[in-house]
Amino acid sequence: MKKQPDILKDNLWKLMIKLSLPGILGMMVISINSLVDAVYVSHFIGTEAFAGISLLFPLTLVITSVTVFIAAGSSSVLSRAIGAGDTERQQKVIPNMIALSLISSLILMIVGILFSEELVTFMGATGAMLEYGISYFKISILGAFFSIYGLSANGLIRSEGKIKQAMTFTVLSVLLNIALTPLFIHTFSMDIAGAAWSSIISMFIYAIATSLYFVNGKASFSTGKFSIKIEKNIIKDVINVGTSAFVMQLSNVIKQFFLFRTLAWYGTPHDIAFFSAAFRLFSFLAIPVLGLLQPMQPIIGINYGASNISRCIEAIKTFRIGGVSFILVFMIPVLIFPEYCIQLMLPDMVLDSQEIFNLRSILAVLFLLPIASSSIIFFQAIGKGKLASIFPISRQIVLFLPLIWFLPKVFGINGIYYTLVIENIIYALVLWVVSSIELKKLLSSTSERIAFQK
């Protein structure tokens, strides 16, 4: 029997590596999936198709926000029910989760189908980009339920502590999508519709596989019968927990809307395609780092509960250094060969010196990601929920919106890149200062408590 890691005593570097590996792998698979989809569309269809579906990113984030809302709330309800040994409550989680998934996806599908042209036009798409965007969005919105339910159900598996099992379903779904996309687009000559249908089929299989896991009794909790129910006490609990996660995601939706809308206003199809490729490359490098930081919350939370503040400080330093080192390994080839990395997605694109500078600039601020994210995780772990929510939301209102309004007016399309760089630098610095102040407060209060006890 494998020895369970001792969060209070084990070496922090070993803990970080051991506990973060499943998260990193899972996040990398998702990141690769998004990147490969973009490569298929640009290679088999063209730059305008790539730009058209990229402008839909804020709309797809709406589905993500709803998913996070249901998944976070349902997982929290389940975790507490498991801890309390409340079998009756455990059996109510899945039926209510299915009901919420059905209701939310039905609303999204109706709005998406009826107003697809208006929504895509609103994002700034014109000409061929508009046609590709509408074709893709009309089909992809049909799979909203499979995405929302499948990802929420997978969240329940993670809340059991079965990270590897949850990751296995994710990997299989991603591999299926990677295999089907070129088949549907190129071999079956389905064009942009093929990319949408391959995603729907992959998520359908994902939802089925996750459901079979519960139906076949492999879960460690009492799932009860699969049914659709709406029970006030469960739904209320899900809403209470999920709302904060939803608000944070929604603020990101608003940010992405203004970002891509400004891009469409000031840029040409070439500019939109280039930014979209740069944005996907940024996400490809950033997402695995978030996987590395996942174990930080329980490590800090448990040590904070044990009044071991010095270990909390060491944990923050360890994860920050680990995160920056992780980014550095992946960043070096991208910074040296930026044009080649973009041409993997857009083979016919030739970059000028300003575009190479812009790409390197926004990728360079990735080194600040471990500082900002670790600070938010630290606030969550010590129970400072308001701080953890206020900063991401205030970031959009106080920093991003004024910058994205002003800088493109002065610098044109380059102002968008300057906005992202300046915003990330200020945000990371502010969080570093505030987290340092909070840590000093904790150290001071702990020292006073120890002195008083003596």
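Start at the second largest pocket of this predicted model, whose lining has 14 nonpolar residues, 1 polar residue and no charged ones. The volume here is about 260 Å³. Select Pro58, Leu59, Val62, Leu119 and Phe137: of the 15 lining residues, these are the closest to the pocket's centre. Now colour by element. Helix 3 (57-84), helix 4, helix 5 (116-122) and helix 10 each give two or more residues to the lining. Helix 3 supplies the largest share, with 4 residues.

**Next stop: the cavity**

How many cavities of 30 Å³ or more does the structure hold? There is 1.

Select Ser74, Val93, Asn96, Met97, Leu100, Ile234, Ile235 and Val238 to see the lining of the largest cavity. Two elements give two or more residues to this lining: helix 4 (87-114) and helix 10 (232-266). Which of the elements gives the most? Helix 4 does, with 4 residues. Check the classes as well: 6 lining residues are nonpolar, 2 are polar and none is charged.

**Next stop: the core**

Move on to the largest nonpolar core, which has 132 residues. Select Val41, Phe214, Leu259, Phe275, Ile300 and Phe378, the residues that touch the most other members. Then show helix 11, which gives the most to this core, with 14 residues.

Zoom in on Phe275. Show its partners beyond four places in sequence: Leu259, Phe260, Leu263, Ile416, Tyr417 and Leu420. Leu259 is another of the residues that touch the most other core members.

**Last stop: Ser276**

Step along to Ser276, in helix 11 (residues 269-293). Is Ser276 buried or exposed? Ser276 is buried, because its relative accessible area is 2% and buried means under 20%. Look for its contacts, leaving aside neighbours within four places in sequence. They are Phe50, Ser54 and Phe260. Keep Phe260 selected: Phe275 touches Phe260, and Ser276 is in contact with Phe260 too.

Go back to helix 4 to link two stops. Helix 4 gives two or more residues to the lining of the second largest pocket, and gives the most to the lining of the largest cavity.

Terms used:
Residues numbered from 1 in each chain as written. Predicted model: local features only at pLDDT ≥ 70, side-chain atom pairs only at ≥ 80, totals over all residues. Heavy atoms only, no water. Buried < 20%, exposed > 50% of the residue type's maximum accessible area, 1.4 Å probe, protein only. Contact = heavy atoms within 4.5 Å. Core = buried A, V, L, I, M, F, W, Y, C linked by side-chain atoms within 4.5 Å. 1 Å grid on protein atoms, 1.4 Å probe; cavity = no way out; pocket = protein on both sides within 12 Å on 5 of 7 lines; lining within 4 Å. Points joined across faces, edges and corners; volume = space filled by probe spheres on them. Nonpolar A, V, L, I, M, F, W, Y, C, P; charged D, E, K, R; others polar.
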